[in-house]
Amino acid sequence: MNLHKLLLTKNDCYVTGKIITPAGIMVHSTGANNPSLKRYVGPDDGLLGVNTAGNYWNQPKPDGRQVCVHGFIGKLKDGSIATYQTLPWNMRGWHCGGKANDTHIGFEICEDALTDKNYFMSVYNEAVQLCAYLCKQYNIKPEKPSLICHSEGYTLGLATNHSDVMHWFPKFGKSMDTFRADVAKALSQTAASTSAAPTAPAATTAPPAGASPNAPAAAAKTPGLDTPVLSSAAATLSAAQAWAKGKGSTDTFVSLAQIYWENAGAHGAVNPQIAYAQSAFETSYGKFGGLLDESFCNPCGMKTANGGSDTDKNDSQKFANWTDGVNAHLDHIALYGGAAGYPRANTTDPRHFASLYGTGKTVETLSKSWCPGNANYADTLIKVVNEMGTINPADVKTPEEITVDNAIADGILTDKNYWLNVLNGTQAANKDYVKIVLDNAHKKING
Ligand SMILES: [Zn+2]
């Protein structure tokens, strides 16, 4: 699979940002003869090519419609096939106009003229790989009704009446049944290859051998001050995201969780939950407001190689992007934790000093080195880590829900679902303003 990521952050669906627990996958195809990814995904990242019409889906209502999917499969500008992830996998998509939006990840295969067998087989195989990857990540069975296409969703009463993808697959001897069988086969192959490696269970990328001997033991008990920084996270990615949302974090900060969870395995098998909790402190849940702002892509207050003061922002490291920033943070903790293979040669960590190796192996000792001036740092950190680990994503209310619930309790509004739809739909652009008005009214009424 040739997986890339370009989140459609300007789409109303992304802005609404509802979290789901993915329980299925729905396969779509676009219904228009245009195999180029750039038609739907943009702006150009150098691989996609320029969409001169500017009609890609990274806008509030693409083609005037409330639509958004989790990914697209199609052609890059050089003609090769790629998958682009366009929403966090656990964000509610607007892909099928029915109940499956609450449960299913939905992606589109870009259609061509439906006569080119080579193109079809390439995108079919890419879709098989994508589904195997998602089935593994979210423990989804490649069976009906958890792995279906849009037309099957209609038959099952879960989606609107569309014919994709069964108007296309049979032209080349394929169907959703062959597709499910191919995904199952791909899954059994990955299972066979990964079960041979004795690596940490939570890591999506295999850590270096021997990097996390403590992982299984640490996962078994409640994290405490003695928890190794190299250990498994008790919180799933979706729990961490739900936790962050419940704290009123910025969208950017919520999206960082995925980078922490996905990259921790390849960066010393650091416990992503500890790193993410630290990042919440250091960035004020992504709001910054101190010395730095989002443009630094610095999730942990990392200084430059030369270090310097806490009052001059030029002494803080500016990273090229969030992935570099998060990887630097993970590498820095891995170094403290004494991970195998550290200090590492290729790192974005500007302060990767060999002298730090192994000097902060637990939450307590890491905290002493990280924030020597704050005696409560370790206690606060572990409290947050545990808060994240015990959260049930389904129980977490969005800031909008809290606001509307308050307004209903105050007798200002009556219909919760109606007002959530207004806030997330027609008034999405004014959402913050409406929230402030309602919050102020709530404070006035309740003293
Ligand atoms: Zn569809």
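In which handedness of crossing does helix 7 pass helix 9? The crossing is right-handed, where right-handed means that the near helix is turned clockwise from the far one by less than a right angle, and left-handed that it is turned anticlockwise. The structure is a predicted model, in which local features need pLDDT of at least 70 and side-chain atom pairs count only at pLDDT 80 or more, while totals for chains, interfaces and linings use all residues. Residues are numbered from 1 along each chain as its sequence is written.

The mean pLDDT (the predictor's confidence in each residue, from 0 to 100) is 88 for the chain, and 91% of the residues reach 70 or more. Over residues 196-220 the pLDDT is below 50, and this stretch has 49 contacts in the model beyond near neighbours in sequence; a contact requires C-beta atoms, placed from the backbone, to lie within 7 Å. Where pLDDT is low, the predicted coordinates should not be read in detail.

Six strands form an open sheet of mixed pairing in the order 1-4-3-5-2-6. Strands (E, at least two residues) and helices (H or I, at least four) are DSSP runs numbered from the N terminus, and two strands pair if DSSP finds at least two bridges between them. Strand 1 (3-5) and strand 6 (147-149) are at the edges with a single partner strand each, so one side of each lacks a neighbour in the sheet. The twist averages 25° from one strand to the next. Strand 3 (residues 71-75) and strand 4 (residues 81-85) run antiparallel and are joined by five bridges; Lys75 stands opposite Ile81 in strand 4. Helix 2 (residues 117-138) packs on the sheet, and its direction makes about 155° with that of strand 3.

Helix 7 (residues 251-263) packs with helix 6 (residues 237-246) at an angle of about 160°, with the axes 9 Å apart. Axes are lines fitted to C-alpha atoms, for helices over the stretch in contact, and angles run from 0 to 180 degrees between N-to-C directions. Helix 6 and helix 7 are therefore roughly antiparallel, the class for angles over 145 degrees; under 35 is roughly parallel, 65 to 115 roughly perpendicular and the rest oblique. Residues in this contact include Leu237 and Ala240 in helix 6 and Phe253 and Trp261 in helix 7.

The axes of helix 7 and helix 9 (residues 322-337) come within 10 Å and cross at roughly 50°; the two helices are therefore oblique to each other. Among the residues that meet are Leu256 and Tyr260 in helix 7 and Trp322 and Val326 in helix 9.

Note on methods. Contact = placed C-beta atoms within 7 Å.
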